[in-house]
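Please look over the sequence and the model shown below.

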Amino acid sequence: MGWDKILSSRSKWMEGTGPAADIVLTSRIRLARNLDGRPFPHLMSPEQGTQVISEVTEALKRLPPGELGTFKVYNLSEMLPLQRMALVEKHLASPEHAKGDGQKALGLREDEAVSVMINEEDHIRLQCLYPGLQLDETWELATRLDDWLEKKLTYAFDEKKGYLTACPTNVGTGLRASVMMHLPALTMTDQAKRLFTAMSKLGLVVRGIYGEGTEAIGNLFQVSNQITLGQSEGEILNNLKSVARQIIEQERNAREMLLTGTRVELEDRVWRSYGILANARRISSEEAMRRLSDVRLGIDTGMIGDVSSRVLNELLVLTRPGYLQLLVGRKLNSAERDQKRAELIRERLKPSKR
Amino acid sequence: MICPECGKRPATVHVTKIVNNQRTEMHLCQQCAQEKGELDFMIEPKFSIQDLLTGMLGYEGGWEPTRVGPEPNRCKLCGLSYREFARTGRLGCGECYRQFGNRLEPLLRRIHGSTYHSGKVPKRAGGTARLKREIEKLRAELQQHVDREEFEQAARLRDRIRKLEVQLNG
């Protein structure tokens, strides 16, 4: 079923390129859409669920060739739990979707910059994921795909309420725009919390790296819009962009401050973490994320010159429990995982592999 | 205090999470905390958007919805009752939004601060909304030209608006 290819390929977002790549890992656009005249996924019969999958699959297959890429659709119930977990770790499916119960499917573009969750909370969750701060480009891609899908599918839409969604928190534009940021300096200087409190007043929300209900790990934060009704897509994007730019500015200032004020302490922290990652024989997921954050800061501030952020982005995914076990090809207990994780990180940080 | 996860070891790890200004606390033993740290996203989040929503809707056990206005208590298309919506925070289908109509307005206003969509309109399913949106946009432009006393441009816009209005009503 082509699963091996998903496992080995590198998603577009992992490239580690794009504007403000020293702070922004990814820009994400998610559009929630439903088909008209039938129940939302949580009330569908199995037959209706299968019907939605086949209609959306058909629409994806009929996208203009070349221009918008080609899609493969995977049935989640045919995947192993570990494979589904790995999809979440690659940010291609939500934790909710990866439970894999009922009639759920996932459409994936070859470069993994686009994924279409079918029968998640809504019939369609179209997601576009680009590296760096590229909200406009990501939106452009998403809205074009959305236009093409709409030629074949009749959306549930209301003049006053906009795109109709299962949860009233998504109704209207159905748009969730997010920017994933690495904010080690703001966290170290205790400014992050204050910043996040201020953001909630602007209709923005900060989440962990796997979305709703997940915690922030490795100093990675996902900032997204909360309001979907009453603001246009342009307003939502501009609002998020301007806040993201301010956070980037503040993170850069905080890094500068740490570099001038406490350079040796910072260098010591970065190189200690590097030393541990490059030599440890066992490392937990939590420690790996923390150390990788330090090393990323080292790369982005020019302390470490010969490791690329692409390698770090790959490690971010490879060292997660699901992916790790999938690589080995069997279930591992916690001690075995820690050992395999350490081995993988050592391997990747070897001078020849950088 | 004993760890509620395994019920065996003492809880030595104390986790405080703040999401959207909502605070939750967890007390776990070392081992369970480690396990949870790794598998955190595979388990049900401690509270979800749905929980917050049903809180807003004031559903608590025996709470009965009061009928306001002419809206039915059950959606004609999918059969979801307003009560079920209040319990789960999820609507059953697109039709629910029309069926429960005015009863959803206060909730939408609390979540979004608005009850009126001003964004993208789909080409096919959008109906007349696309035309209306276009006319609104042109009217705003027209006003700007009038304010700047650019009457030629204003007249051109007025003609375009008239044409669109004919299209809308015909």
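Strand 1 of chain A pairs with strand 8 (residues 175–182) of chain A in the antiparallel sense over seven bridges, where strands are DSSP runs of E of at least two residues, numbered from the N terminus, and two strands pair if DSSP finds at least two bridges between them. In this pairing Val24(A) stands opposite Met181(A). Eight bridges join strand 1 to strand 5 (residues 124–131) of chain A, again running antiparallel, and here Ala32(A) has Arg125(A) as its bridge partner.

This is a predicted model, in which local features need pLDDT of at least 70 and side-chain atom pairs count only at pLDDT 80 or more, while totals for chains, interfaces and linings use all residues. Residues are numbered from 1 along each chain as its sequence is written, chains are lettered from A and ligands numbered from 1 in the order in which they are written, and side-chain values use heavy atoms, without hydrogens and water.

## Arg30 in chain A

Arg30(A), which lies in strand 1 of chain A, is buried (under 20% relative accessible area, 1.4 Å probe, protein chains only). Its side chain makes a polar contact of 3.4 Å with that of Asn170(A), such a contact being a pair of N or O atoms within 3.5 Å, one able to donate a hydrogen and the other to accept it.

## Chains A and B

In the interface, 66 residues of chain A are in contact (heavy atoms within 4.5 Å) with 50 residues of chain B.

Key:
Helix = DSSP H or I, 4+ residues; strand = E, 2+ residues; numbered from the N terminus.
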